[in-house]
Amino acid sequence: MGKDNHIIEINHLSKSYGDVDVLKDINLYINKGEFITFLGPSGCGKTTLLRLIGGFAHPDEGSIIMDGKDITTVPPHLRPLNTVFQKYALFPHLDVYDNVAFGLKLNNVPQDEIDKRVRKMLKMVSMADYEDRDIDSLSGGQQQRVAIARALANMPKVLLLDEPLSALDAKMRKDMQIELKELHKKMGITFIFVTHDQEEALTMSDTIVVMKEGRIQQIGTPTDIYNEPVNEFVANFIGESNILDATMIEDRKVNFIGHDFECVDEGFGNDTPVDVVIRPEDIYIMNQLNGAQFSGHVTSCTFKGVFYEIFVQTDAGYELMIQDYNPFEIGTEVGMLIKPQDIQVMHKSCTRNEMDAEVIDDTHLRIFSEEFECKPLGGKYEAGATVRVGVNFNKVDLQDNQEDGILWGEVSNILYKGDHYHLLIRIDTGEDLLVDTNDIWDKGDLVGIKIAPKDIKIIG
Amino acid sequence: MIRKFIAKAYIWILLVILYAPIALIAIFSFTESKVLGNWTGFSLGLYRNLANSGMDGGSSLLSAVENTLVIALAAAVFSTVLGTVAAIGMYYLRGGKRKVINFMNNIPMLNPDIITGVSLFLLFIFIHLTQGYVSVILAHITFCTPYVVLSVLPKMGQMNPNIYEAARDLGATQIQAMRKVVLPQLVPGMVSGFILAFTMSLDDFAVTFFTRGTIGLDTLSTYIYTDARKGGLTPELRPLMTLIFIAILILLIIINVREQKLAQKSELKK
């Protein structure tokens, strides 16, 4: 895997629309012939990244290198890559044949060669009998096949696919996933696929790029991403998981849900707060306590087709999700076991909220442009000075009514951590606040925010 | 029963009131009397006069018809081109700018013709443009273009915004993508815009009256106006109006039938 094997290299790519930074310093290389997927929730910048590669938008900063040539400012019609658009974008005034032949005619390919290639492409996507049909007379799946044939007819080195399956129904989507994968094998060219569907990404890709808010979170094979997510976002986004607060006691020893566990991770330091991820299928559950690491009782058990989804309340009061082939009766006492290699330890992005505040007077600080009361500063700071303050996650008080808070914000992400919820609150001024709470909130709830004077700590 | 009868009668009375004047002119085009309402026996004389006056080329009536058609055609062609280009540009404007331009596009349509006419008249004098054919056509383009914009803009909205990019992606330059992919989607809007512009220009009086200058250029509407002021309408106007009405009727029927067929075709596909 040398540099020669890279077909596309992306360096320090940034893009903003108005004052929204859609992409922030993206660095990435794509290997020849690989099936790479940009995965992330809507608004994470994955489509913008694809559009920059396709040439439909221009980056504010950074460069895109393809086959050793800088193509950052090359217009789309001169780039050796083709795109399959989200809503197919077939030309409604042309029939199937002319749609597929469109690019070839523009490139002055001789007529008999056009004939040959269009037929070959249509055959490859099993649409050979539809040459003379109008686009409007085709089903969604058929239109998608024509769109793929049209993009491949130009013999691109790279095929870009912008959520191509999102408009299809579930059954059709599964079929097309398999067909696309086969097509990729047959053509041997690079596929860059954009999706928000983690299952689709896991099934189809050689490499997955997980994105969030304009930044790459993790790049890796589907197994890497699933088994070793680098942070709670990736863990939560890809598949089901138990994400828990933990403390790294020492190398190879981590404490969570009130127990010490052996693990395989090193180098986190001693007594360091971390997050752990345990996949529901990695918790072994049994009807006896003999040989178990911890115990609990079953609170629910639902049949999911292949396995049962079981919720267990552990002896220390944490709720865990477990998947097992056997059902367990509600209320029964069960023993559980987690193997060291199934515990994925991750750094916490932060352990408390930290932000700048402006001193107003001895007992008041301006935080996020609002006035908060704080413990007397003891005359150490002058009015107008800037100090760094810290607020623990569980010391932020959320109110039902926006008016009851000093600040207000919107619940933008919720993570269940076994015994409490970890919320991301987006303040109206655009900053984020992390909150631990036992109360149940919904995504999108508007909340008032209060912080008690004693919980605002000056840290520098 | 009675209610049904009344409802039906209402429609028929309305139609009669609407079409009676036209029917009257059509009927009296087949008699030679100078004054409308005086039946002097069936005759095709007026039609013959109309045709003959065309032959020797001297009739001011027929030259007015010719002027009207030439001006309408020129105005419709130019405003269709201008309006389509404007609509494409407006579609790609963002938020506020698009609203402003849209608003500005609506003003000329609501503006009373007389104001448009007078202001154009003053403008042409100000820039020393000789008033005649050119000034009338320019004036007509001015008030026809907004109608074309209004009929093309929705077609831009209905278009899949990705098809332009798809064309670029497949190797088309900007101009090729516009011509081969975007323009064909706009044709229905352009056709209805063209027809709208053509008819708007055909029956315009106020703007033409103020911008035609003093060289004696007459369109049908200004001809009738001066004719009526001279005392009594030329009898040959009656067959001419009948013919125009029939031509419009046929055109409308063709358009309707065509639309119905298109609708059926797209129904069948689904």
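**Exercise 1.** Which residue is the bridge partner of Val210(A) in strand 10 of chain A?

*Solution.* Val210(A) is bridged to Gln218(A). Strand 9 (residues 207-212) of chain A pairs with strand 10 of chain A in the antiparallel sense, over 5 bridges. Pairing requires at least two DSSP bridges between two strands; strands (E, at least two residues) and helices (H or I, at least four) are DSSP runs numbered from the N terminus.

The model is predicted: local features need pLDDT of at least 70, side-chain atom pairs count only at pLDDT 80 or more, and totals for chains, interfaces and linings use all residues. Residues are numbered from 1 along each chain as its sequence is written, chains are lettered from A and ligands numbered from 1 in the order in which they are written, and side-chain values use heavy atoms, without hydrogens and water.

**Exercise 2.** State the strand order of the open sheet in chain A and find its edge strands.

*Solution.* The order is 6-7-8-3-9-10, with mixed pairing among the 6 strands. Strand 6 (81-84) and strand 10 (215-220) each pair on one side only, and are the edges.

**Exercise 3.** Identify the members of the largest nonpolar core that touch the most other members.

*Solution.* Such a core joins buried Ala, Val, Leu, Ile, Met, Phe, Trp, Tyr and Cys residues through side-chain atoms within 4.5 Å, buried being under 20% relative accessible area (1.4 Å probe, protein chains only). Among the 38 residues, they are Phe91(A), Phe102(A), Met156(B), Ala167(B) and Leu186(B). Helix 6 (133-158) of chain B is one of the elements giving two or more residues, and gives the most, 8 residues.

Technical notes: Buried < 20%, exposed > 50% of the residue type's maximum accessible area, 1.4 Å probe, protein only.
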